[in-house]
Amino acid sequence: MGKVEVVADAVISNQSEKDQGFVVTPWVVKGNVDYDKLIDQFGTSRITDELISRIKKLTGEIHPFLRRRIFYSHRDLDWILDRYEAGEKFCLYTGRGPSENVHLGHLVPWIFTKYLQDKFDAELYFEFTDDEKFLLGSTSDLESAKRIAYSNMLDLIALGFDPKKTFIFIDTDYMETMYPIAAKIAKHITFSTARSVFGFENSTNVGMIFFPALEAATCFLPSVLHGKNVPCLIPAGIDQDPYWRGIAREVAPKLGYYKPAQIHGKFMPGLGQGGKMSASQPETAIFTTDPPDVVKRKVLSSFTGGRATVEEQRRLGAQADICPIYHYYYYLFEENDTELARIYNDCTSGTLLCGDCKAMLAERVQEYVAKHQEKREKAKELIEDFIVADIRGGLKKRSGLS
Ligand code: TYM
């Protein structure tokens with residue numbers, strides 16, 4: 001296992017894989033996640049058909065991630081829609097901890113965020129937590145985390161966000177703006193709360209103990225910059241929920257802000273048996289920077305839900321539900337529901353064999369990654385249009401706010 005997990009295990013003591021077969025914290029996701037159980041544990045709400053119809057009425061189009069319940073849980077999404085219908089626009093907030101190259105799983109919340117930006121004409125605030133990754137020990141030094149942030153940023157920009165409405169910042173370049181908000185939040189969080197929400201221990205460094213105030217601070221940044229209360233919606237994987245549940249939503253009323261709303265995503269699996277796609281297991285993750293032959297090799301050597309022999313598979317069918325290859329179609333590589341159902345049926349009836357299914361997916365992933373890489377290359381010219389920073393070391397501040 002990589003360094004990240006070792007360090008994170010030392011930070012976190014409030015969840016045990018043995019108790020429930022999986023762990024979901026902001027730093028560790030392990031085992032086969034029971035998403036329904038998380039709704040109960042975290043006290044969130046399920047995304048209902050009714051809520052989806054409401055979104056469809058407003059946007060005219062439902063993203064497959066919603067239709068397929070890849071984004072499946074929320075807090076106050078109905079409230080955000082109430083405000084929107086009443087003429088009050090919301091902003092979006094999401095982020096990335098820059099420790100490695102971006103993989104396809106990271107793109108899932110960002111693609112969804114882009115859909116929300118387009119449909120609701122919303123500003124996006126995107127935080128790169130270089131400090132978090134350094135403090136956690138996931139990068140050897142702070143400077144490498146920042147370097148990785150600049151590289152990861154290309155993946156985000158490649159997805160086509162609107163530069164006029166998208167504000168990307170790296171924590172350590174935006175501290176003059178962020179620190180006063182974080183300090184006001186931190187004053188309301190005791191060590192005891194932070195320990196129970198995040199599982200910090202006596203050996204956890206104090207930087208990590210303060211850090212949740214910074215991830216929470218971005219929820220209120222748009223309100224500070226606009227000089228009025230702005231509703232905030234956070235599309236992200238459900239692993240980030242402790243920051244909102246335990247910190248931002250608790251502190252918001254004390255500081256006079258709206259509580260931030262969330263829409264929670266599931267995790268795109270890795271290509272191994274069980275578990276999410278994770279940079280700490282590079283052979284089972286597809287990075288956006290992987291060359292075509294590597295993409296192909298990884299897909300073709302994936303675990304599948306196939307049977308031991310062709311004869312058995314023809315007789316019994318394969319197990320699509322436990323197969324990462326099927327899940328890749330489900331997440332990103334087959335938007336058409338009828339086609340997806342056909343793949344599922346052909347797989348589980350034994351008509352489609354794993355070799356053919358993998359070969360078809362490998363082609364689609366190769367094509368997707370190649371196109372993404374072209375856009376990623378072009379994004380190098382665009383960084384300046386997106387970045388916001390405090391004036392320091394020659395960096396230009398871009399407020400861009402009306
Ligand atoms: P990070 O870098 O661990 O993850 C970035 C985003 O990717 C999601 N994610 C996945 N989604 C689907 N499938 C996967 N396999 C997968 N792996 C990761 C995460 O849930 C997250 O949404 N501390 C944060 C950075 C951050 C942030 C935020 C994230 C700062 N502010 C606000 C979300 C919202 C981090 O390290 O994320």
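The ligand sits in the largest pocket, where sitting in a pocket requires more than half of the molecule's atoms within 2 Å of the pocket's grid points. The model is predicted: local features need pLDDT of at least 70, side-chain atom pairs count only at pLDDT 80 or more, and totals for chains, interfaces and linings use all residues. Residues are numbered from 1 along each chain as its sequence is written, and side-chain values use heavy atoms, with hydrogens and water left out.

**Shell around the ligand**
- The ligand has 25 residues around it, and Tyr93, Arg96, Glu132, Glu215 and Asp239 come nearest (near: a heavy atom within 4 Å).
- By class, 8 of the shell residues are nonpolar, 9 polar and 8 charged.
- Two or more shell residues come from each of strand S5 (91-96), helix H7 (104-120), helix H8 (130-136) and strand S8 (232-237) (DSSP runs, helices of at least four residues and strands of at least two).
- S5 gives the most, with 4 residues.

**Polar contacts (N or O pairs within 3.5 Å)**
- A polar side-chain atom of arginine 96 is 2.7 Å from a ligand oxygen atom.
- Glutamine 240 places a polar side-chain atom 3.2 Å from a ligand nitrogen atom.
- Methionine 277 has a backbone N or O atom 3.2 Å from a nitrogen atom of the ligand.
- Taken alone the ligand exposes 690 Å², of which the protein buries 98% (Shrake-Rupley method, 1.4 Å probe).

**Aromatic pairs**
- The structure holds 28 aromatic pairs (ring centres within 6.5 Å; stacked means planes under 30 degrees apart).
- Tyrosine 125 and phenylalanine 167 are stacked, 5.1 Å centre to centre with 20° between the planes.
- Tyrosine 125 lies in strand S6 (residues 124-128) and phenylalanine 167 in strand S7 (residues 166-170), so this pair ties together parts 42 residues apart in sequence.

Key. Polar contact = N/O pair within 3.5 Å; in protein donor to acceptor, adjacent residues only side chain to side chain. 1 Å grid on protein atoms, 1.4 Å probe; cavity = no way out; pocket = protein on both sides within 12 Å on 5 of 7 lines; lining within 4 Å. Nonpolar A, V, L, I, M, F, W, Y, C, P; charged D, E, K, R; others polar. Phe/Tyr/Trp six-rings, centres within 6.5 Å; stacked < 30°, edge-to-face > 60°.
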